[in-house]
Amino acid sequence: MGSALCRPRRKKVQVSASWVGNDAENPFEVALSKKERRLDDAKEVVGLIFADIVNDIEPDLKKVFGVERTPKAGMQKMPKFGGHVARFTELIEQATTMLGYTENLSGAWQLVRKTGRIHVKQGFLEQNQSQFEKNYFEVVMTAFCERFIPYLTGEKELPDPDGKEKKKVRFAQSYAPAQISEVWKTFFNIIAGQMTDSFELERTKQRNAQSQKTLAPHQHVEECERKKKRIQEKQSEIENTACSNEPKEERMFEDPF
């Protein structure tokens, strides 16, 4: 009768900005089998796809990436745009390595959620991102599903500016095109969902903190004053200790004789 109450409670582990129980399932572990986690990437394509996104799909992002006056061919040379492409490529590389080689599924999960939280610092997303209306994470990942996967299945090949043989994107030869497509769609969908969730949690957390500052500014002023007082008291204590440790000068008394 009391077995349910007597059994040990599940411990909570922290993943990203939220607390989840052990029964919260790692989406990478649930959706991708051990064999399917051995993914490979094609980082040469990432820049081309982001250029398509800011030109054809979401022109509002041009200002965010600092390429509002830059032609499509030169976007990857721009600092903001090129940096974002490099970081996204690194995200794919690290996640696929964790999933397929080191089998660090928790690390991949935390990496993706951390990436979602970091995007709260981007003012445009902080103001305009919405998981129910305009979800920019889904927009980007949908574009990658549509434009990244064909390079992996062999439907498309990378253009070679030198006129040499076209480079084929590497992928495990044991995979059929349909399986490659399905695995990568699952991969990108998980990234979109986890980044959206962690972004929303972090944004709510920061907005709540800001609201508390707005509603009770006197509390923060009082806290600052208390901190200043503690610092002054500590400094005074240090100075007094230093003075007490100084060697005293020997006093010369008059010889009574």
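Student: What counts as a salt bridge here?
Tutor: A side-chain nitrogen of Lys or Arg within 4 Å of a carboxyl oxygen of Asp or Glu. The model is predicted: local features need pLDDT of at least 70, side-chain atom pairs count only at pLDDT 80 or more, and totals for chains, interfaces and linings use all residues. Residues are numbered from 1 along each chain as its sequence is written, and side-chain values use heavy atoms, with hydrogens and water left out.
Student: How many salt bridges by this rule?
Tutor: The count is 7. One of them joins Asp-52 and Lys-72, at 2.6 Å, N to O.
Student: Where do Asp-52 and Lys-72 lie?
Tutor: Asp-52 is in helix α3 (residues 43–57), and Lys-72 is in the loop between α4 (61–65) and α5 (79–100), so the bridge ties together parts 20 residues apart in sequence. Helices are DSSP runs (H or I, at least four residues), numbered from the N terminus.
Student: Asp-52, buried or exposed?
Tutor: Buried, at 16% relative accessible area. The cut-offs: buried is under 20%, exposed over 50%, partly exposed in between (1.4 Å probe, protein chains only). Lys-72 is partly exposed at 38%.
Student: New topic. What does Arg-113 pair with?
Tutor: Asp-197, at 2.8 Å, N to O. Arg-113 sits in helix α6 (residues 105–118) and Asp-197 in helix α10 (residues 177–215), 84 residues apart.
Student: And how accessible is Arg-113?
Tutor: Arg-113 is buried, at 4%. Asp-197 is partly exposed, at 35%.

Methods: Helix = DSSP H or I, 4+ residues; strand = E, 2+ residues; numbered from the N terminus.
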